[in-house]
Amino acid sequence: MSAVPTDHGVASLGEFTFECGQSVPDFEVAYETHGEFDGDNVVLVCHALTGSQNVARSPEPERDAETTGAGQAGQARAWWDDVVGPGKAIDTTEYYVVCANVPGSCYGTTGPASERPADLDLREEPDHDRWGTAFPPVQVEDWARAQRRLLDHLGVGRLRAVVGGSVGGMNALEWAKRYPDDVDRVVAIATAGRLDAQCLALDAVARRAIRADADWNRGNYYGDDRPDPTEGLAIARQIGHIMYLSKASMERKFGRRSAGRDSLTREDGDLGLPPEPTAGFFPYREVESYLDYQAEGFGDRFDANSYLYLTRAMDEYDLAAGHGNDADALAAFEGETLLVSFTADWHFTVEQSASLADAFREVDVPVAHHVVDSDHGHDAFLVEPEHVGPPVRDFLADGVDGRAVSDEGGDDGDDPRPDSDHAPVHASLFRG
């Protein structure tokens, strides 16, 4: 298979006014594209909370490092490479795939860690050259508006589809609400119209962990002579990973097994915590080791202020905002929708996706709610391409009538299309 053209860059889009009413004078958006644009084949992919524009591996390995920065890992680099690429579910030999880093993030799009204009008039002048917490509050609505501006810059009008998972799914839903005439199909995976109280609470604790770190310094930690608030950010990351796993998957992966007595929470670890007086007596468990591993180095690749801003954006999103309810918000959309949920995901539940499906049905939008039986939890949308890929692939091609697309909203909860949930899955679709 011949190499698929890829491109990446940072688009300067001029002044950008956020939903909050504040603006930045020279707004930049980092993006990546895969495939060739034919005028009618654009798929916009929206990344999750700590993801980047680097949705898939490029033919040149050095481009991945250049796009996200040397040493980046996790969701920063090629975070959906099992789904996006030549011959894969979102086939870059067929579609022109665009992915953009969202406003407020730290992988090239303007955010708190970006340099601010020297002549900017701020109420309180910080003693560093970054925006920091002077950056305008960001909302999911701003992400969609920035993507629309970027696509205009790239010469792209109507979209074949917008695809997103987790808070990226909220981003995709916002496209159906805000730009109903600009997109034919929406794929929202492991998402909801709004967060519930439990997730809001956990996000609040994560933000407090960052703000409680003495090195956070009210967001003014930029500069070579100042340490980053890595301890608070590491704890916030750990709280996030607890949300991403299900009870069953944690029991299967870790149980109560011991990982030995050496802990990354020692004084020279990322968490920098003093040792517990009783730590030598009790085991250091595998689940603790996993959480410490996830925290290790996260502060080297992500900005603490960005984490504050992006979790706030996710928390504050409400699909029904400005309308009476979700159905009213989606009433102008005339395309088709695929909702994918996972049975053990308690971060964004099956019931929340079912509620979204009901809202689409109420305004006569063709919709399929495809439920995946999985105990992985929220992370399933990233780690189970064999279950995510086929319905996404077939929905992009044939809409809700796609062979691998099932619908829990059919009569008696069954798929109204016989045998459609028994379509064969080919590993080659994901390996490229």
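1. Start with α4 and α5: the two helices are roughly antiparallel to each other, a label for angles over 145 degrees. Helix α4 (residues 197-212) and helix α5 (residues 230-244) pack at about 165°, and their axes lie 7 Å apart. Axes here are lines fitted to C-alpha atoms over the stretch in contact, with angles running from 0 to 180 degrees between N-to-C directions.

2. Keep in mind that this is a predicted model, where local features need pLDDT of at least 70, side-chain atom pairs count only at pLDDT 80 or more, and totals for chains, interfaces and linings use all residues. Numbering runs from 1 along each chain as its sequence is written, and side-chain values use heavy atoms, with hydrogens and water left out.

3. Who touches whom between α4 and α5? On the α4 side the contact (heavy atoms within 4.5 Å) includes Leu202, Val205 and Ala206, and on the α5 side Leu233, Ile235 and Ile239 are among the residues involved. The contact residues split into eleven nonpolar, one polar and one charged.

4. α4 also packs on helix α9 (residues 304-316), at about 160° with axes 10 Å apart. That pair is therefore roughly antiparallel too. Asp203, Arg207 and Arg211 of α4 are among the residues that meet α9, whose side includes Arg312 and Asp315. Here the count is seven nonpolar, one polar and five charged.

5. Helix α5 turns up again at the largest pocket: α5, α7 (286-295) and α12 (380-383) each supply at least two lining residues. The lining divides into twelve nonpolar, nine polar and six charged.

Key: Helix = DSSP H or I, 4+ residues; strand = E, 2+ residues; numbered from the N terminus. Parallel < 35°, antiparallel > 145°, perpendicular 65-115°, else oblique. Nonpolar A, V, L, I, M, F, W, Y, C, P; charged D, E, K, R; others polar.
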